[in-house]
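I open this notebook to set down, in order, what I looked up in the structure shown below.

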Amino acid sequence: MADARAECSIRVLCRFRPFNDAEVRRGDLFFPTFQGDDTVVVGGKSYIFDRVFPTNTTQEQVYNTCAKQTVKDVLSGYNGTIFAYGQTSSGKTYTMEGKLHDEQQKGIIPRIASDIFNYIFTMDENLEFQIKDMNRVPYVKGCTERFVSSPEEIMDVIDEGKANRHVAVTNMNEHSSRSHSIFLIDIRQEHLETEQKLSGKLYLVDLAGSEKVSKTGAEGAVLDEAKNINKSLSSLGNVISALAEGSKVHVPYRDSKMTRILQDSLGGNCRTTMFICCSPSSFNDAETKSTLMFGQRAKTIRNTVSVNVELTAEQWKRKYEKEKDKSKNQKETIKMLEAELNCRRNGETRGPVSKDRGAVKLTAHWLLTRASGCATKLE
């Protein structure tokens, strides 16, 4: 179980928000065309993702389609990540948070908070859980770490974090997020009878939006924040590009604290879902096309996932005995090969009889070809 590893692609979902008031007043054109559940056409080009959500999609539909399974995965011992990417005012915070205490309008994060405990209450009563908002390396100043015992306590932590998040008014958004929001839940479980231990980390990420200063009208401190946001998102783009190109030399995770935190989520041990959030307005066509291309690159990234399991003393013992037997068999095989090699060196045509003649001949042939000055071939 601990050694079982599998490759999986990052799951990319595209969500278009409805027109906002400013776009309606300007008389902007609605320029995307939706085809089926997985395709959107923009500027005559088709973009295919795991799922495309048109403007009339509800919060519940989004959650049930993409995020509900993530809770099951994390409680099964996998790491999971859900994060939202897109330009400023594209609907990222609405998708991830929504209206936190509104049953209809709440987003992915508050729904996950409820679902975690709903699933726990239906699981084996011999399972003991520890759930906490986790603060680990890399160090982030001001992060908190809390143990929680109910959905309400998770929401209290979210409310506290949301209050600390800086927002500002811009021409694009009345409540523009000026920082990234990363909420990490660490779930550890132990079966009281078997002593089997599993753990799973869940990253919930609402990125600050990329922006053009000419559109947002940012000035002073807000302009400086925009520069830092764009620089951080540029680092994320560089990581995505390196992974998409299959770079074996260097993936620049350490160029920003955000990409360092998300290292497992991008190319590591994590089942990752990325929301790319888009505006349907012709006023934002360039930014929307850029976001769609970003999503297509991300879709090519493959993570290698495995269950985070901590072996019990009995399992370690069985593993040790298995490795001990394996080592014993390997030593016997080596002795057999050495005997056959000596026979060949002495000019004998046949070596000692083995249980697996084909395997011994193949390995012995490799040993002979490695031996200096030996040109004898096996029959």
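Of the facing residues I wrote down two pairs, with Val42 opposite Lys45 in E5 and Thr39 opposite Ile48 in E5.

Next I asked which helix packs on the sheet and which strands it touches. I found helix H9, residues 285-298, in contact with E4 and E5, its direction making about 45° with that of E5.

Widening the view, I recorded an open sheet of 3 strands in the order E3-E4-E5, with antiparallel pairing. Strand E3 (33-35) and strand E5 (45-48) are its edge strands, each pairing on one side only. On average, neighbouring strands of this sheet are turned by 30° against each other, direction ignored.

**Helix H5**

I moved on to helix H5, residues 151-164, which has 14 residues and reaches 20 Å from its first C-alpha to its last, close to the 20 Å expected at 1.5 Å a residue.

Which residues of H5 are buried, I wondered? I listed Pro151, Ile154, Met155, Val157 and Ile158. These residues lie on the same side of H5, because they cover an arc of only 160° around the axis. The face turned away from that buried side carries the exposed residues Glu152, Asp156, Ala163 and Asn164.

I also checked what the buried residues of H5 pack against, and noted helix H4 (108-122) together with strand E8 (127-133), strand E9 (146-147) and strand E12 (181-191).

**Confidence**

Last, I looked up the confidence of the prediction: the protein averages a pLDDT of 83, and 80% of the residues score at least 70. Over residues 371-379 the pLDDT stays under 50, and for this stretch the model has 10 contacts beyond four places in sequence. I have marked residues 371-379 in my notes as a stretch to read with caution, given a pLDDT under 50 there.

Terms used. Residues are numbered from 1 along each chain as its sequence is written. This is a predicted model: local features need pLDDT of at least 70, side-chain atom pairs count only at pLDDT 80 or more; totals for chains, interfaces and linings use all residues. Side-chain values use heavy atoms; hydrogens and water are left out. Two strands pair if DSSP finds at least two bridges between them. Helices (H or I, at least four residues) and strands (E, at least two) are DSSP runs, numbered from the N terminus. Axes are lines fitted to C-alpha atoms, for helices over the stretch in contact, and angles run from 0 to 180 degrees between N-to-C directions. Contact means heavy atoms within 4.5 Å. pLDDT is the predictor's confidence in each residue, from 0 to 100. The expected span of a helix is 1.5 Å times one less than its number of residues. Buried means under 20% relative accessible area, exposed over 50%, partly exposed in between (1.4 Å probe, protein chains only). The arc is that of the directions from the helix axis to the C-beta atoms.
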